Amino acid sequence: MSQAFVDLAPLVPAGARTVIVHGVAAGTRQQLAVLLPEASIHDLADLPDAVSADLAVMEVASHIGQARIATELLELATALREGAVLLVVTARRLGSARQLKTLEGMLGAAEVAQRSGPVVVLRAVRGPEVLVPADAATTAPAVEAVLLGQNLRFETGDGLFSKSRIDHGTRLLIEALPPEQRWRDVLDLGCGYGPIGIATASRWPQLQVAMVDIDPAAVRAARTNIGLNGVDGRCEAHVSDGLSALSGRRFDAVLSHLPTHVPKSTLARLIHESAAALQPEGDLITVTASAVDLRAPLSAAFETVNVLSESPPTNSPQYRVLQATLSL
Ligand SMILES: C[S@@+](CC[C@H](N)C(=O)[O-])C[C@H]1O[C@@H](n2cnc3c(N)ncnc32)[C@H](O)[C@@H]1O
């Protein structure tokens, strides 16, 4: 998710006290903290009520779809005070020209404020009104599904994993879970819009479920879905790279449809962070496409690794659910 370095110093209004960031890399956030040492910096996903910010910075670092970008720009713009600045760190290959048009349609005027290698920074100032951009998604896509015998509904969103149906691998993991549960504290790692965490919390009322995802839009959808499915109070969702936002917490089980379009070193880190956060005899239950064989990396961190379930080889892609368990 990282862009080339961009120097925000000439673009950041001096004296900005309230800043909203969305999807920004750690380096961009650090730069803002250095440039604006007095400012409070909030993630769009964790915005306090009735905020009226002086600056918003969004980073577009991958192809997440214009409807989602326009919707998120609209949310940022409406959280700004009049005269505040909206910056979008993006790239031509990621649709900067369309994003510029969206900003113009929404705020009346916008400009390319900086180019640095492949990186383009767009700038717009919030005027007295914000118009809904034509390309913004007006209603979130939704998925209805029966999981573990519960009727569940999930609002999803452009750019989220498996936004139109529950993924087959996700369903295989959920259905492979042993019906008699001794767990109390469970983590859904890489929760997306929340099917694993919410299905398990709905099925087993003793469970407390933490859900994390690196993508703020996924976490916002997961929070909406926690409320929609009536498991608030027992489920919470956080923006987090791996388990970084959960320092010190321990779990009886970590459940994860692991991301596989990430470097091998990231996958290994997610496995090791999971092992470190588990209680003795704790389980990491994962699903991935069978072509991504995790038995060796799991065995490096866990005493036992078993295949819990596997879809038929005729399914494409074929999925495998693995259970890795720590010793006492
Ligand atoms: C295969 S999807 C599974 C989503 C959801 N659990 C489901 O089954 O529908 C993997 C998820 O991991 C998230 N992810 C990727 N890298 C991550 C990281 N370093 N830390 C936390 N989540 C990450 C992605 O944003 C994505 O939502």
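Start with the largest nonpolar core in this predicted model. That core holds 40 residues, and the members touching the most others are Leu147, Leu173, Trp183, Met211 and Leu255. As background, in soluble globular proteins nonpolar side chains tend to be buried together.

Take Leu173 as an example. Setting aside neighbours within four places in sequence, Leu173 is in contact with Ile196, Leu255, Ser256, His257, Ile285, Thr286, Val287 and Val321. There is also a second, separate core, of 29 residues, which includes Ile20, Ala79, Ala110 and Leu122.

One of the contacts of Leu173 was Ile196, and Ile196 is among the buried residues of helix α5. How many of the nine residues of α5 are buried? Eight are, so to answer in words, helix α5, residues 195–203, is mostly covered. The buried ones are Pro195, Ile196, Gly197, Ile198, Ala199, Thr200, Ala201 and Ser202.

Next, the ligand. It is surrounded by 16 residues, and the closest are Thr170, Gly190, Asp213, Asp241 and Gly242. By class, this shell has seven nonpolar, six polar and three charged residues.

For Asp241, a polar side-chain atom lies 2.9 Å from a ligand nitrogen. Gly242 uses its backbone: an N or O atom there lies 2.8 Å from a nitrogen atom of the ligand. Taken alone, the ligand exposes 590 Å², and the protein buries 90% of that.

Asn229 sits in the loop between α6 and β11. Is Asn229 buried or exposed? It counts as buried, because its relative accessible area is 16% and the cut-off is under 20%. Beyond its neighbours in sequence within four places, Asn229 is in contact with Asn151, Leu152, Arg153, Phe154 and Ile198.

Asp283 is in strand β13, residues 278–289. Asp283 is also buried, with a relative accessible area of 3%. Not counting residues up to four places away in sequence, Asp283 touches Arg182, Trp183, Asp252, Ala253, Val254, Leu278, Gln323, Ala324 and Thr325. With Thr325 there is a polar contact of 2.8 Å between the side chains. As for Glu75, Asp283 is 208 residues from it in sequence and 39 Å from it in space, C-alpha to C-alpha.

How values were computed. Residues are numbered from 1 along each chain as its sequence is written. This is a predicted model: local features need pLDDT of at least 70, side-chain atom pairs count only at pLDDT 80 or more; totals for chains, interfaces and linings use all residues. Side-chain values use heavy atoms; hydrogens and water are left out. A nonpolar core is a set of buried Ala, Val, Leu, Ile, Met, Phe, Trp, Tyr and Cys residues joined through side-chain atoms within 4.5 Å. Buried means under 20% relative accessible area, exposed over 50%, partly exposed in between (1.4 Å probe, protein chains only). Contact means heavy atoms within 4.5 Å. A residue is near a molecule or strand if one of its heavy atoms lies within 4 Å of it. A polar contact is a pair of N or O atoms within 3.5 Å; within protein, one must be able to donate a hydrogen and the other to accept it, and residues adjacent in sequence count only if both atoms are side-chain atoms. Accessible areas come from the Shrake-Rupley method with a 1.4 Å probe; for residues, only the protein chains shown count as cover. Ala, Val, Leu, Ile, Met, Phe, Trp, Tyr, Cys and Pro count as nonpolar, Asp, Glu, Lys and Arg as charged, and the others, Gly among them, as polar. Helices (H or I, at least four residues) and strands (E, at least two) are DSSP runs, numbered from the N terminus.
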